[in-house]
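Good morning, and thank you for making time for this presentation. Please have the structure open as I speak.

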Amino acid sequence: MKSIDDTFFDEAEDGYMPVIPGLYPAHVTSLESRSFDSGSMVFNITFQIADEAKDMQISKQSKNGSGQWNTDKDEKGDDVKISAGYLSGKKFRSTGVWLTPSPGKGQGWKNRNYVHFFEPLGVNFPEADGKTKIMEVEESDVLGIPSLVKIGEEEYEKDGETKTAVRIFSTFPWKDGKKLDPSEIEEEVPF
């Protein structure tokens, strides 16, 4: 082998770091919707983790001998903490957020998750007779909006195999977050 000066790889510093489930600051970078013959719609919202994640401390994880992720412990048995900055700039999609227009009597609960997902993003649904009037959210309503997002793993089945994806399950207000201008939102470069 031929030596390459000053080129090293350290698994502890340079290896893959898993996404630790939790609450992270993020911004909405896109919203896609799809309509179905039933009239229902599903919304998939993409968020980009904000630079402020670098100020967060999360538990470090490493793979054990059998390929499972374990939380690293210090000599006192406490979790080893690291900056969540390695997640800054990464994009994650939400689970599908469903909208059911004109639900049947007693079926209004079908839109509960829709309202609870978008209201923390600053979407103000109008009130009528003490009820929330459901409106179709458009990308321009939420693009660049700051939010604290709950990230976790979602299992799904594909081709007979159980797979796992990292998804955003819910949103919460980020009081100190600043809205991004559309020019600040990175576009994916197609390759």
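Let me begin with Tyr 114, which is buried, at a relative accessible area of 0%. Please keep in mind throughout that we are looking at a predicted model.

What does Tyr 114 form with Phe 118? The two rings make an edge-to-face aromatic pair, with 5.1 Å from centre to centre and 65 degrees between the planes. The pair counts as edge-to-face because its angle is over 60 degrees. Both residues belong to helix H2, which covers residues 112-118, and they sit 4 residues apart, about one turn of the helix. Phe 118 is likewise buried, with a relative accessibility of 0%. Both values fall under 20%, and therefore both residues count as buried.

A search of the whole structure gives 7 aromatic pairs. Tyr 114 and Phe 118 also belong to one aromatic cluster, together with Phe 43, Phe 47, Phe 117 and Phe 125.

Helix H2 also contains Arg 112. Is Arg 112 buried, partly exposed or exposed? Its relative accessibility is 48%, so Arg 112 counts as partly exposed. Between the C-alpha atoms of Arg 112 and Val 97 there are 10.0 Å, and the two residues are 15 apart along the chain.

In soluble globular proteins, nonpolar side chains tend to be buried together. The largest nonpolar core here has 32 residues, and those touching the most other members are Tyr 24, Phe 43, Ile 45, Phe 47, Ile 49, Phe 118 and Val 142. Which elements give two or more residues to this core? They are strand S1 (22-35), strand S2 (41-49), strand S8 (97-99), helix H2 and strand S11 (146-158). The largest share, 5 residues, comes from S2.

Setting aside neighbours within four places in sequence, Tyr 24 is in contact with Ile 49, Met 56, Ile 58, Ala 84, Leu 87, Ser 147, Leu 148, Val 149 and Ile 151.

How many of its 9 residues are buried? The count is 9 of 9, so S2 is mostly covered by the accessibility criterion. In a regular strand the side chains alternate between the two faces of the sheet. In S2, one side carries Met 41, Phe 43, Ile 45, Phe 47 and Ile 49, the other carries Val 42, Asn 44, Thr 46 and Gln 48, and all of these are buried.

The pairing of S2 with other strands comes next. S1 and S2 are antiparallel partners over 9 bridges, and in this pairing Ser 33 has Phe 43 of S2 as its bridge partner. The hairpin of S1 and S2 has 5 residues between the strands, and Gly 39 there adopts a positive phi near 100 degrees. S2 also runs antiparallel to S8, joined by 3 bridges, with Val 42 opposite Trp 98 in S8. With strand S7 (residues 91-93), S2 pairs in the antiparallel sense, again over 3 bridges; Thr 46 has Arg 93 as its bridge partner in S7.

Returning to strand S1, we find His 27 there. His 27 is buried, at a relative accessible area of 6%. Where does its side chain reach? The side chain of His 27 reaches the backbone oxygen of Lys 178 at 2.9 Å. Not counting residues up to four places away in sequence, His 27 touches Thr 46, Phe 47, Gln 48, Ala 50, Gly 144, Ile 145, Pro 146, Trp 174, Lys 178 and Leu 180.

A second hairpin involves S11. S11 pairs with strand S12 (residues 161-172) in the antiparallel sense over 11 bridges, and Lys 158 is partnered by Glu 161 in S12. This hairpin has 2 residues between the strands, and Asp 159 takes a positive phi near 55 degrees.

Finally, the overall picture. The protein has 3 helices and 12 strands. Its radius of gyration is 20 Å, whereas a compact globule of 191 residues would have one near 16 Å. The C-alpha trace spans about 70 × 45 × 40 Å along its principal axes. Of the 191 residues, 33% are buried. Among contacts with a separation of 6 or more, 60% join residues 24 or more positions apart.

Definitions and conventions
Residues are numbered from 1 along each chain as its sequence is written. This is a predicted model: local features need pLDDT of at least 70, side-chain atom pairs count only at pLDDT 80 or more; totals for chains, interfaces and linings use all residues. Side-chain values use heavy atoms; hydrogens and water are left out. Rings of Phe, Tyr and Trp (its six-membered ring) pair if their centres lie within 6.5 Å; planes under 30 degrees apart count as stacked, over 60 as edge-to-face and the rest as tilted. Buried means under 20% relative accessible area, exposed over 50%, partly exposed in between (1.4 Å probe, protein chains only). A nonpolar core is a set of buried Ala, Val, Leu, Ile, Met, Phe, Trp, Tyr and Cys residues joined through side-chain atoms within 4.5 Å. Contact means heavy atoms within 4.5 Å. Two strands pair if DSSP finds at least two bridges between them. A polar contact is a pair of N or O atoms within 3.5 Å; within protein, one must be able to donate a hydrogen and the other to accept it, and residues adjacent in sequence count only if both atoms are side-chain atoms. The radius of gyration is taken over C-alpha atoms; the globule rule is 2.2 Å times the number of residues to the power 0.38.
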